[in-house]
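Visitor: I would like to go through this model and ask what stands behind each label. Please keep the answers brisk.

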Amino acid sequence: MEIYCKDNAATEALGSLIGSLAADGDVYCLTGDLGAGKTTLSRGIAAGLGADVAEVNSPTFAIMNVYSGRLEMRHFDLYRIKDEDELYNTGFGEYCGTGGVTVVEWGELFLNELPEEYLQITIELAGAGRSVNLTPHGARYEKLCGDVKKHAGTCD
């Protein structure tokens with residue numbers, strides 16, 4: 001499913017919608033080039049969960065940030081992780097999909113380490129905005145995509 005977001009506000013609004021529909025244990029894998037909008041979408045997801053969005057930034061150097069809201073959000077950035085051993089040492093396996101919501105930037109670098117079911121979110125720059133593709137892996141995420149599609153008009 002593809003959604004066009006005309007600017008940062010629309011990208012954040014889409015994230016907020018996804019966050020408002022999030023369920024305990026959800027895992028979202030965000031893929032896109034540097035500057036594509038992964039952290040902007042993550043900020044929106046945090047807002048939809050009721051977290052303080054002023055705290056949300058890219059965890060590139062911290063590897064993981066945690067935000068409190070309706071559900072805890074674990075926000076990972078795997079860009080600087082070199083291999084599975086280094087990923088293991090971050091505690092990724094203990095957090096990913098084990099409660100709260102896990103948002104993983106650059107998760108495509110470690111697809112084998114993601115749970116079997118997750119939502120793949122691919123963000124690409126498209127003109128002045130972004131093209132956001134949602135690819136569900138599992139029944140939970142097929143339902144989530146259907147719910148997002150019903151309400152995506154609110155992201156304009």
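Predicted model: local features only at pLDDT ≥ 70, side-chain atom pairs only at ≥ 80, totals over all residues.

Visitor: Why is Thr11 called buried?

Guide: Its relative accessible area is 0%. Buried means under 20%, so Thr11 qualifies.

Visitor: Where does Thr11 sit, and which residues is it in contact with?

Guide: Thr11 belongs to helix α1, residues 8–21. Leaving aside neighbours within four places in sequence, Thr11 is in contact with Cys5, Gly37, Thr40, Leu41 and Arg130.

Visitor: What about Thr40: buried or exposed?

Guide: Thr40 has a relative accessible area of 13%. The cut-off for buried is under 20%, so Thr40 is buried. Thr40 is placed in helix α2. Not counting residues up to four places away in sequence, Thr40 touches Asn8, Thr11 and Glu12.

Visitor: Which residues of α2 are buried?

Guide: Lys38, Thr39, Thr40, Leu41, Ser42, Gly44, Ile45, Ala46 and Gly48 are buried in α2.

Visitor: What covers the buried residues of α2?

Guide: The cover includes helix α1. It also includes strands β2 (27–31), β4 (73–77), β5 (101–105) and β6 (118–126).

Visitor: What follows α2?

Guide: Gly50 follows α2, and its phi is positive, near 85 degrees.

Visitor: Which residue other than glycine has a positive phi?

Guide: Trp106 has one, with phi near 65 degrees. Trp106 is in the loop between β5 and β6.

Visitor: How do you know that Trp106 is buried?

Guide: The relative accessible area of Trp106 is 11%. Buried means under 20%, so Trp106 is buried.

Visitor: Where is Phe110, and what makes it buried?

Guide: Phe110 is also in the loop between β5 and β6. Its relative accessible area is 6%. That value meets the under 20% cut-off, so Phe110 is buried.

Visitor: Which residues does Phe110 touch?

Guide: Phe110 touches Leu78, Ile81, Lys82, Asp83, Glu84 and Leu87, not counting residues up to four places away in sequence. Take Asp83 from that list. Phe110 and Asp83 are 27 residues apart in sequence and 8.3 Å apart in space, C-alpha to C-alpha.

Visitor: Which residues gather in the patch of negative charge on the surface?

Guide: Asp83, Glu84, Asp85, Glu86 and Glu113 gather there.

Visitor: Why is Glu84 called partly exposed?

Guide: Glu84 has 43% relative accessibility. Glu84 lies in helix α3, residues 84–89.

Visitor: How many salt bridges are there?

Guide: The count comes to four salt bridges.

Visitor: How do you know that Asp26 and Arg140 form a salt bridge?

Guide: Their side chains meet at 2.7 Å, N to O. The cut-off is within 4 Å, so the pair counts. The pair links distant parts of the chain. Asp26 is in the loop between α1 and β2, and Arg140 is in helix α5, residues 139–151. The two are 114 residues apart.

Visitor: Are these two partners buried, exposed or partly exposed: what do the values say?

Guide: Asp26 is buried at 2% relative accessibility. Arg140 is partly exposed at 24%.

Visitor: What makes Asp147 and Lys143 a salt bridge?

Guide: Their closest N and O atoms are 2.8 Å apart. That lies within 4 Å, so the pair qualifies. Being four residues apart in helix α5, Asp147 and Lys143 are separated by about one helical turn.

Visitor: Why does Lys150 with Asp147 count too?

Guide: The closest N and O atoms of Lys150 and Asp147 are 3.8 Å apart. The limit is within 4 Å, so Lys150 and Asp147 form a salt bridge. Salt bridges that share partners join Lys143, Asp147 and Lys150 into one network.

Visitor: Which of these three are buried or exposed?

Guide: Asp147 is buried at 16% relative accessibility. Lys143 has 52% and Lys150 has 64%. Exposed means over 50%, so both lysines are exposed.

Methods
Residues numbered from 1 in each chain as written. Heavy atoms only, no water. Buried < 20%, exposed > 50% of the residue type's maximum accessible area, 1.4 Å probe, protein only. Contact = heavy atoms within 4.5 Å. Patch = residues over 30% accessible without salt bridge, like charges linked within 9 Å, V, L, I, M, F, W, Y side chains within 5 Å. Areas by Shrake-Rupley, 256 points an atom, 1.4 Å probe, with all protein chains shown as cover. Lys, Arg positive; Asp, Glu negative; His and termini not counted. Charge placed at Lys NZ, Arg CZ, Asp CG, Glu CD.
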